[in-house]
Amino acid sequence: MVKKLLMGNEAFAQAALEAGVNVVAGYPGTPSSELVETVAKLHAAGSAHDVYVEWSTNEAMALEVTAAASYAGARALFTCKNVGMNVASDPLMSLNYVGVNGGMVLFVADDPGPISSQTEQDTRRYAAFAKVPVLDPATPDQGFAMMKAAFELSERHHTPVIVRPTTRINHASTYFEVQEETHGRALPQEPFEGGPKYVILPVRAYAAHKEVNERLDRMASVDFVSDPQFNVFNPMFEYVPDDLVEPKLGILCGGVSTAYAREALAMLQQRASAAGMQLPAYRFMQVGTPYPFPKDLVSVFMQGLTDVLVIEEQDSFLEDQLNALSGERNVILNVYGKLTGHALTRGENSVDDCLERLAQFLGVYEESVASSFQRYVAPESEPLPVRPPTLCAGCPHRGSFYALKKALGKREAVLCGDIGCYTLGSAAPLKAVETCLCMGAGITMAQGFSVVKPGAKCIGIVGDSTFFASGLPGLTNAVYNQHDITVVVLDNATTAMTGAQPHPGTGITLMGPKHEGISIPGIFEACGFKKVLTANPLDLEASVAAAKEAIDFEGPSALVFVSPCIQLTKPGKPVTIDPDICTGCKKCITSIGCPGIAFSADAAGPKSGSRGQAYVDPSLCNGCTLCTQVCPFHAIKKEVCDD
Ligand code: SF4
Ligand code: SF4
């Protein structure tokens, strides 16, 4: 064993490897991505033996690959982010009825805030909807233990099991004692025997639904209550200052809010003591196994209590369960939380917020103590400028959007975007993305608009990774129904938004040498697109011409902009602006909005007079030359020699 400082996601990967996982498959998405990358890294380094790992084309593919591995007796791990569950939900719903053989864990990372997602979707709700158990860690170390336990639980009940950390647990780091080398579990040698159990016909589904209900009951009333392997995830303790006083107040927590609440309680205790006060008796419980809800354990928690404050992130899942349970067991209990306005109804909790709410709840919010709750107030200063998210300096997408807008001119158009870096094309000055719904929706929404707005040019804009993940059915729909749209693929040779993971177009896998990637133009042609063009978005003239040709085509057409993400390439020499030529017209700023160009109101030159002049920040500019092509006065120069 060695001691290592690991990020939560690295620790989850290590735990799965130590549990003998054989097959790992996922689709990248913040905050989950580092798990798959860690498995791949350890496998490539030769310390993780007997494990297969892949980035699948999308979440449904990943779930199906891992489900089959589990059917065949392997331990399997699926990974995605919260909204990825929507893509994987079709196989998930049936998989739970079919059941699994080898332990199968679904690692689904939730994103309260949200920090990098479309919604604050709560996977505990998904677990209950799909009738799949879920483990909800409060800390990275508890998550490490939960990951191992989840494989055991899965095999015990033949059910997939969800482990659902949230961003702060995925990305927090702490020390772990880990195995230096790991080995996948020995695989069964006998052939796989399929048959009725694996064929989800209605008659089988009816019988399976009973099995699902029964195993959920067993988990809730036995495993999570009395098996030390699992009930350790539902810890309970009491604070009783006077042995004769039974607690009347309870605090029920889930996920990372458990850690916040415990830290807040310790601070509260300290501050109350300093103010000569005493906290009242209270009982504290973490529900680390929120579904199926461990009713018997929570009933023990409820005993003798009159009031409970529920602290959790995202939905009021625990609060709902507690309300239902107190009603079911005829316990008169005041339950406070999101539903009563006593907890945040959206976004992340924090120690500060928990501290104030707990002080109120425990009745120690008096002047003497309250004065020590003052939050840090920053000294008066100039407000910081608002910095909206923007494409990187030198990002080729900037050229693609500029070319599209130029090609459209004043024509009526609808530009339907998608999920990825290029969603940022919605911001000024590009303003080239008008809708963004979910992965793959841009292509098909353009089709809907083309039906209702026949006079408009309808464009579906999609990135290369999303194209493979969810775009392909939209292509066949466009050709089948002959929608007059243009599909624009921004191919930067990576899944940039989530940290530059490979995809089917790159030909790079996590298991071996590069092979020929799948051709995006080839897919369009195979689907029946009659006009398929490619262009380099850093060549604006050629890009505008290609965009015009694609947009003017009647029927489904395609344009693939090909230029690698600047994070993958060596930066070129920065450009410079000649102060003798710059007129201060700001065209370079207002047309493409590269953060590498700024404007100095104080600069003066023969052509600009006192209007000010543009200048390039050489620490940001990578010499992509887009600005040289939009300056009407050729004031921006690129040195020819570029090593
Ligand atoms: S060349 Fe111009 S557009 Fe490209 S990164 Fe530099 S400043 Fe930005
Ligand atoms: S560099 Fe060119 S586009 Fe930018 S302000 Fe000067 S003259 Fe105008």
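This is a predicted model: local features need pLDDT of at least 70, side-chain atom pairs count only at pLDDT 80 or more; totals for chains, interfaces and linings use all residues.
View 1. Asn 622 has a relative accessible area of 14%, and since the cut-off for buried is under 20%, Asn 622 counts as buried. Setting aside neighbours within four places in sequence, Asn 622 is in contact with Ala 393, Gly 394, Ile 566, Pro 571, Gly 572 and Lys 573.

**View 2. Ligand 2 has its own set of 13 surrounding residues.** The closest are Cys 582, Cys 585, Lys 586, Cys 588 and Cys 631. By class, this shell holds nine nonpolar, two polar and two charged residues.

**View 3. Six strands make up an open sheet with parallel pairing.** Read across, the order goes β4-β2-β5-β6-β8-β7. The edges are β4 (52–55) and β7 (134–135), each with a single partner strand, so one side of each has no neighbour in the sheet. Helix α4 (residues 84–98) packs on this sheet and touches β5 (76–81), β6 and β8. The direction of α4 makes about 145° with that of β5.

**View 4. Strand β6 (residues 104–109) pairs in parallel with β8 (residues 161–163) and with β5.** Three bridges join β6 to β8, where Leu 106 stands opposite Ile 162 and Val 105 stands opposite Val 161. Towards β5 there are six bridges, and Leu 106 is the bridge partner of Phe 78. To get from β5 to β6, the chain goes through α4, and this β-α-β crossover is right-handed.

**View 5. How many of the six residues of β6 are buried?** Six of six, so to speak: the strand is mostly covered. In a regular strand the side chains alternate between the two faces of the sheet. In β6, Met 104, Leu 106 and Val 108 point one way, while Val 105, Phe 107 and Ala 109 point the other way. Both sets are buried.

**View 6. Another right-handed β-α-β crossover links β19 to β20.** Strands β19 (residues 531–535) and β20 (residues 557–562) pair in the parallel sense over five bridges. Val 532 stands opposite Ala 558 in β20. Between the two strands, the chain passes through helix α19 (residues 540–552).

**View 7. Cys 438 lies in the loop between β16 (413–416) and α16 (441–452).** Buried or partly exposed? At 34% relative accessibility, Cys 438 counts as partly exposed. Not counting residues up to four places away in sequence, Cys 438 touches Gln 118, Asp 418 and Ile 419. For a sense of scale, Cys 438 and Glu 181 are 257 residues apart in sequence and 40 Å apart in space, going C-alpha to C-alpha.

Terms used. Residues are numbered from 1 along each chain as its sequence is written. Chains are lettered from A and ligands numbered from 1 in the order in which they are written. Side-chain values use heavy atoms; hydrogens and water are left out. Two strands pair if DSSP finds at least two bridges between them. Helices (H or I, at least four residues) and strands (E, at least two) are DSSP runs, numbered from the N terminus. Contact means heavy atoms within 4.5 Å. Axes are lines fitted to C-alpha atoms, for helices over the stretch in contact, and angles run from 0 to 180 degrees between N-to-C directions. A residue is near a molecule or strand if one of its heavy atoms lies within 4 Å of it. Ala, Val, Leu, Ile, Met, Phe, Trp, Tyr, Cys and Pro count as nonpolar, Asp, Glu, Lys and Arg as charged, and the others, Gly among them, as polar. Buried means under 20% relative accessible area, exposed over 50%, partly exposed in between (1.4 Å probe, protein chains only). A crossover is right-handed if, with the strands pointing away from the viewer, the path from the first strand over the helix to the second runs clockwise.
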